[in-house]
Amino acid sequence: MRYSQIDSKLFIENRERFKKMMKPNSVAVFISNDIVPKTADQFHNFRQNGDLFYLTGIEQEETMLILAPDCPNPDFREILFLRETNETLAIWEGAKHSKTEGTSISGIKAVQWNSSFENQLAVIINLSENIYLNLNEHDRYVSSVPYADLRFANEIKNRFPAHNIERAAPIMHRLRSVKSPIEVELIKHAGSITKKAFDRVLDFIKPGVMEFEIEAEITHEFLMNGSMGHAYTPIIASGANACVLHYISNNMQVKDGDLLLLDFGADYANYASDLTRCVPANGKFSPRQKEVYNSVLRVFYAAQDMLKPGTFLKDYNEAVGKLMEKELVDLKLLTLEEIKNQKPEWPAYKKYFMHGTSHYMGIDVHDLGGRYWAMQAGNVFTCEPGIYIPAE
């Protein structure tokens with residue numbers, strides 16, 4: 001791995017917190033993400049299921065975890081299943097984790113090869129009343145692809161129709177939204193790598209360079225510092241491209257007088273960072289660019305001060321919207337008449353600031369959490385207001 005091994009204490013404590021929130025006489029099952037085909041005999045880079053990583057620290061494909069804290073057989077209460085290395089695998093891909101390594105990383109004493117998973121699972125489920133299955137219940141998730149957790153859940157429901165099915169996701173959302181000190185340090189380290197990349201490209205940006213050349217400089221700095229790469233597809237958007245919220249082509253030339261929007265973040269040890277900054281391509285803001293930049297900056301600092309325990313995201317976003325509304329009036333982008341006649345469901349400021357200000361961050365860049373929960377100590381949020389003016 002590219003990073004120092006994480007203290008297994010993190011994963012031991014995460015599992016204990018999950019088990020305490022399970023109903024009595026239950027079993028919970030977590031499995032790896034798919035290895036996703038790319039083309040011909042190629043595959044996309046493997047990324048571990050975030051919940052499985054949170055509970056075990058194992059990044060390896062074809063990994064499974066069973067938690068059954070009330071099982072009458074103490075040997076079955078916590079089992080990690082790993083892919084076993086064979087001679088062919090060792091030659092073509094390299095050796096997979098040994099059982100000893102599995103224990104060292106996860107803190108789980110009972111480690112078995114995944115060839116025994118099906119039989120072991122049946123025994124443990126038949127000793128349980130409830131089965132916790134894990135699905136992607138992120139409120140931004142929309143896809144028709146039948147991913148590994150979904151296929152597995154359907155199989156379990158068909159195979160054990162008399163058992164009660166419980167949802168693991170609500171528990172995982174609660175747990176993962178509150179970061180431990182170890183997690184906070186990992187996110188800070190990811191942020192420090194991102195800062196190095198930002199400092200690097202400040203010296204590189206100039207009229208005439210291509211957006212993808214800037215992306216390359218960022219990627220180089222990430223990998224040189226032990227990052228696993230980008231936590232999300234980077235946005236390197238010059239000129240009008242910056243008004244496309246999820247612009248990822250990064251294929252245009254930066255021109256003199258452009259503003260350049262940079263939205264990128266390093267992934268370190270499976271923890272994300274997220275930076276958004278706007279810089280003048282030629283090193284100097286025009287008077288109008290400076291005026292708009294300082295408006296966003298004032299909102300940024302005021303929004304940071306609102307990120308406190310007890311605050312609700314809905315109230316927070318509305319308060320930030322009011323701040324942005326004033327700035328847009330001062331910038332002569334909005335009139336008081338437009339604000340007076342605005343629709344409650346789509347305030348006038350949304351014409352120039354159409355996204356939320358903050359989101360949870362952690363193992364995923366848009367990490368698990370509750371849109372309608374009060375903020376609490378241990379939450380990690382981004383803070384990224386912006387003003388988008390296509391006409392300018």
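A cavity is a set of grid points where a 1.4 Å probe fits but cannot get out. In this predicted model, a search of the whole structure finds one cavity of 30 Å³ or more.

**Cavity**

The largest cavity has a volume of about 40 Å³. Its lining consists of Met1, Tyr3, Gln5, Ile6, Phe11, Phe53, Gly57 and Ile105. By class, six of these lining residues are nonpolar and two are polar, with no charged residue.

**Second largest pocket**

The second largest pocket has a volume of about 520 Å³. Its lining is made up of 21 residues, and those nearest the pocket centre are Asp274, Leu275, Arg277, Met361 and Phe381. Two or more lining residues come from each of helix 8 (181-202), strand 14 (275-280) and helix 10 (287-306). Helix 8 gives the largest share, seven residues. The lining of this pocket includes charged residues: five are charged, six polar and ten nonpolar.

**Helix packing**

Helix 8 and helix 10, which both contribute to the pocket lining, also take part in helix pairs. The geometry of two pairs is listed below.

| Helix pair | Angle between axes | Axis separation |
|---|---|---|
| Helix 8 and helix 9 (residues 211-224) | about 140 degrees | 9 Å |
| Helix 10 and helix 11 (residues 313-330) | about 155 degrees | 10 Å |

Helix 8 packs against helix 9 at about 140 degrees. Helix 8 is therefore oblique to helix 9. The crossing of this pair is right-handed. On the helix 8 side, the contact is formed by Ile193, Thr194, Lys196, Ala197, Arg200 and Val201, which meet Ile214, Glu217, Ile218, His220, Glu221 and Phe222 of helix 9. The residues of this contact comprise six nonpolar, two polar and four charged.

Helix 10 packs against helix 11 at about 155 degrees. Angles over 145 degrees count as roughly antiparallel, so helix 10 is roughly antiparallel to helix 11. Helix 10 crosses helix 11 in a right-handed sense. From helix 10, the residues in contact are Ser295, Arg298, Val299, Ala302, Ala303 and Met306; from helix 11, they are Tyr316, Ala319, Val320, Leu323, Met324 and Glu327. This contact has nine nonpolar residues, one polar and two charged.

How values were computed:
Residues numbered from 1 in each chain as written. Predicted model: local features only at pLDDT ≥ 70, side-chain atom pairs only at ≥ 80, totals over all residues. Heavy atoms only, no water. 1 Å grid on protein atoms, 1.4 Å probe; cavity = no way out; pocket = protein on both sides within 12 Å on 5 of 7 lines; lining within 4 Å. Points joined across faces, edges and corners; volume = space filled by probe spheres on them. Helix = DSSP H or I, 4+ residues; strand = E, 2+ residues; numbered from the N terminus. Nonpolar A, V, L, I, M, F, W, Y, C, P; charged D, E, K, R; others polar. Axes fitted to C-alpha atoms, helices over the stretch in contact; angles between N-to-C directions. Parallel < 35°, antiparallel > 145°, perpendicular 65-115°, else oblique. Left-handed = near helix turned anticlockwise from the far one by under 90°. Contact = heavy atoms within 4.5 Å.
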